[in-house]
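Thanks for coming, everyone. Please take a look at the structure on the screen before I start.

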Amino acid sequence: MDTAFLQSLNIDQYPVDPHYARELRKIFGERFLRELSDEEKAELGEVTFAPLLFGNRSGSNLLTNCLHRAGLGFPEHGEPMNIPSIERIAERHALNSLTDYALFLARRWRQHQVIGFKINIEQLFDLTRTGLLNHFKDIKLLHSVRRDRLAQAVSHYIAKSSGSWSTQEEVSQPITPAFSAPDILQFLRRGARLEADYQLYKTIHGVAGIEVWYEDLVSDPKKTIETIGNFLNCATDLSKVDLATALTQPQNRQLNQEFAERFRSELRMTN
């Protein structure tokens, strides 16, 4: 793939986040990329990269935890392509280029020749145009999504407004937000754009992808993880997949249901 061509495109043609791209390059400066050795190319050439794309409140943390427990090549939690994570990990392990950082992640989490982690779609577009992904054996996308997009948008709005993002957090004085149809609409649009860009990436680069539905994960986690393992051609240990002991738990608050029903009622066009 001609990465020089990708680098020549503007954000309307190839949707990277300019701010993220600048901050990423500032971390490593002139040594942003380096040539891989033949041994390193051969090493990556045996690995399938399975980026886990997601939107807020799609169940991606729960999914990542299940994939880790099943013995797939995913960290238990975290988003290692976020700028603070890159800065912290690169400094701790003396990684002087993005190339070294990518190799570190592949070696750290690889299981059964698969490596994957949470990454947002704009980060994936930018990582692709560096050319580093050209060296993997295969790219297979996992997309964490919900069938009930409105429930997801309501959950995102409440989490951001209240400051309570997961069952792991203890908020001393949680805020109960007021209903806001405009804010919920904003999160609905954001989710729609993420889904569209996921489809765009698949179309541009001709890679395979699988939608992992939150509702299916909650109702039958073992079957969902088994399906992903089959998609990645990777063995799974389903005996350790148990939502009851997962780090994060599904949330279904009464307030979420009330806001979703009010939104439907106020914007419904027909009775």
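Predicted model: local features only at pLDDT ≥ 70, side-chain atom pairs only at ≥ 80, totals over all residues.

Which residues is Phe54 in contact with, leaving aside its neighbours within four places in sequence?

Residues are numbered from 1 along each chain as its sequence is written, and side-chain values use heavy atoms, with hydrogens and water left out.

Back to Phe54. Its contacts are Ser60, Glu79, Lys118, Ile119, Asn120, His143, Ser144 and Leu194, with neighbours within four places set aside. Contact here means heavy atoms within 4.5 Å. Phe54 sits in strand 2, residues 52-54. Its relative accessible area is 12%, and Phe54 is buried. Buried means under 20% relative accessible area, exposed means over 50%, and partly exposed is in between, with a 1.4 Å probe and protein chains only. Take one partner, Ser144. Phe54 and Ser144 are 90 residues apart in sequence, yet their C-alpha atoms are 4.9 Å apart.

Now the whole chain. It has twelve helices and five strands. Those are DSSP runs, numbered from the N terminus: helices are H or I with at least four residues, strands are E with at least two. How compact is the chain? The radius of gyration is 20 Å, close to the 18 Å from the globule rule for 271 residues, so the chain is as compact as a globular protein of that length. That radius is taken over C-alpha atoms, and the rule is 2.2 Å times the number of residues to the power 0.38. Along the principal axes, the C-alpha atoms fill a box of roughly 65 × 45 × 40 Å.

Of the 271 residues, 47% count as buried. Take contacts between residues at least 6 apart in sequence: 79% of them join residues at least 24 apart. The accessible surface is about 14,000 Å², and carbon and sulfur atoms hold 48% of that. These areas come from the Shrake-Rupley method with a 1.4 Å probe, and for residues only the protein chains shown count as cover.

Next, helix 8, residues 149-162. The expected span is 1.5 Å times one less than the number of residues. Is helix 8 enclosed or open? Eleven of its 14 residues are buried, so helix 8 is largely enclosed by the rest of the structure. Among the buried ones are Leu150, Val154, His156, Tyr157 and Ile158. What do they pack against? The buried residues of helix 8 pack against helix 9 (181-205) and helix 12 (254-267). Just after helix 8, Gly163 takes a positive phi of about 80°.

On to helix 9. Its 25 residues should span 36 Å, and the end C-alpha atoms agree at 36 Å apart. Its buried residues include Ile184, Phe187, Tyr198 and Tyr201.

Ala94 has a phi of about 55°. Ala94 lies in the loop between helix 5 (83-92) and helix 6 (98-109). At 57% relative accessibility, Ala94 is exposed. Gln113 has a phi near 60°. Find Gln113 in the loop between helix 6 and strand 3 (114-115). Its relative accessible area is 34%, and Gln113 is partly exposed.

Last stop, Lys223. Lys223 is in helix 11, residues 221-231. It is exposed, with a relative accessible area of 55%. Lys223 and Pro75 are 148 residues apart along the chain, and their C-alpha atoms are separated by 20 Å.
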